[in-house]
Amino acid sequence: MTIRDLQEMPWIGEDPVLDLANTVVVGAGPARGDVDFFTDRELTRRWRARTDPGLAALPMEELRRLRGLVRDALDAVARRHPLNDGLRAGLNELASSAPVIFQVTDDGLLEQREQNAGAGARIARDTLILAAGPDRQRIRRCPAPSCGMFFLARRRDQAWCSLGCGNRARSTRRQSREADETNTPAVRS
């Protein structure tokens, strides 16, 4: 992940659940530490400008709490583990205040509408849908160096969140192999 990518946040704006989860970039900071958008004023400001307006308006304390639940849920699903009882209860409780009502429109079509749901409740509900719904098999965590982003795989064999991450992972693997080859003493027969 380059500094430019961090500043531009090209991954933000596709899905509010992933937008919130991906406010931590693993191994991209100084000395390969994590970069947490919520500890940097400028990154927080840029993220708030790009994500769902309701989500962006939440107070920082609520964002951090919600992000913890979302990241834990996506991490469990990406590792193909069930959600633990506490995590499930926390998300269920938040999501319960995001009711969805169904109505039949004047033209006879079924319409789904939200009933006064806050952003936190919507994100919790959407996290449950993502973690337990039909797309749960598509949730992945990018293993590329300095990434760790959650993403929805478009193909069954998709390993990285982007082409850049795939290139960086292959390059790192190649450099590691070349280093191993130069450090391995020659065997004489």
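**Close-up views of a predicted model: helix packing and selected residues**

**View 1. Packing of helix α5 against helix α6.** Helix α5 (residues 60-78) packs on helix α6 (residues 85-95) at an angle of about 125°, and their axes lie 10 Å apart. Because of that angle, α5 is oblique to α6. The axes are lines fitted to C-alpha atoms, for helices over the stretch in contact, with angles running from 0 to 180 degrees between N-to-C directions. Angles under 35 degrees count as roughly parallel, over 145 as roughly antiparallel, 65 to 115 as roughly perpendicular and the rest as oblique. The crossing of α5 and α6 is left-handed, a term used if the near helix is turned anticlockwise from the far one by less than a right angle, whereas clockwise is right-handed. On the α5 side the contact is made by R65, L66, L69, D72 and A73, and on the α6 side by L87, G90, L91 and L94. Contact means heavy atoms within 4.5 Å. Six residues of this contact are nonpolar, one is polar and two are charged. In this division Ala, Val, Leu, Ile, Met, Phe, Trp, Tyr, Cys and Pro count as nonpolar, Asp, Glu, Lys and Arg as charged, and the others, Gly among them, as polar.

The structure is a predicted model, in which local features need pLDDT of at least 70 and side-chain atom pairs count only at pLDDT 80 or more, while totals for chains, interfaces and linings use all residues. Residues are numbered from 1 along each chain as its sequence is written, and side-chain values use heavy atoms, with hydrogens and water left out.

**View 2. Packing of helix α5 against helix α7.** The axes of α5 and helix α7 (residues 119-132) come within 10 Å and cross at roughly 5°. That angle is why α5 counts as roughly parallel to α7. Helix α5 contributes E62, L66, V70, A73, L74 and V77 to the contact, and α7 contributes G120, I123, A124, T127, L130 and A131. By class, the residues of this contact divide into nine nonpolar, two polar and one charged.

**View 3. R80 in the loop between α5 and α6.** R80 is found in the loop that links these two helices. Its phi is near 65°, a positive value in a residue other than glycine. Most residues other than glycine have a negative phi. R80 counts as partly exposed because its relative accessibility is 41%; buried means under 20% relative accessible area, exposed over 50%, and partly exposed in between (1.4 Å probe, protein chains only).

**View 4. E61 in helix α5.** E61 has its place in helix α5. With a relative accessible area of 71%, E61 is exposed.

**View 5. R125 in helix α7.** R125 lies in helix α7. Its relative accessible area is 14%, so R125 is buried. Not counting residues up to four places away in sequence, R125 touches A95, A98, P99, V100 and E114.

**View 6. P16 in helix α2.** P16 lies in helix α2 (residues 16-21). At 24% relative accessibility, P16 counts as partly exposed. Neighbours within four places in sequence aside, P16 is in contact with D52, L55 and I123. The C-alpha atoms of P16 and R88, 72 residues apart along the chain, are separated by 19 Å.

View 7. P134 occupies the loop between α7 and β5 (139-141). Its relative accessible area of 78% makes P134 exposed. The C-alpha atoms of P134 and D106, 28 residues apart along the chain, are separated by 31 Å. At residues 138-177, UniProt places the feature "domain: Zinc finger CGNR" (unreviewed entry); UniProt positions are given in the numbering used here, feature names are shortened, and annotations may be inferred rather than shown by experiment. Over residues 138-177 the chain is 38% helix and 15% strand, with the end C-alpha atoms 30 Å apart.

View 8. The protein has eight helices and six strands. Helices (H or I, at least four residues) and strands (E, at least two) are DSSP runs, numbered from the N terminus. Along the sequence they follow the pattern α-α-β-β-α-α-α-α-β-β-α-β-β-α. The C-alpha atoms fill a box of roughly 85 × 35 × 35 Å, taken along the principal axes. Of the 189 residues in the protein, 40% are buried.
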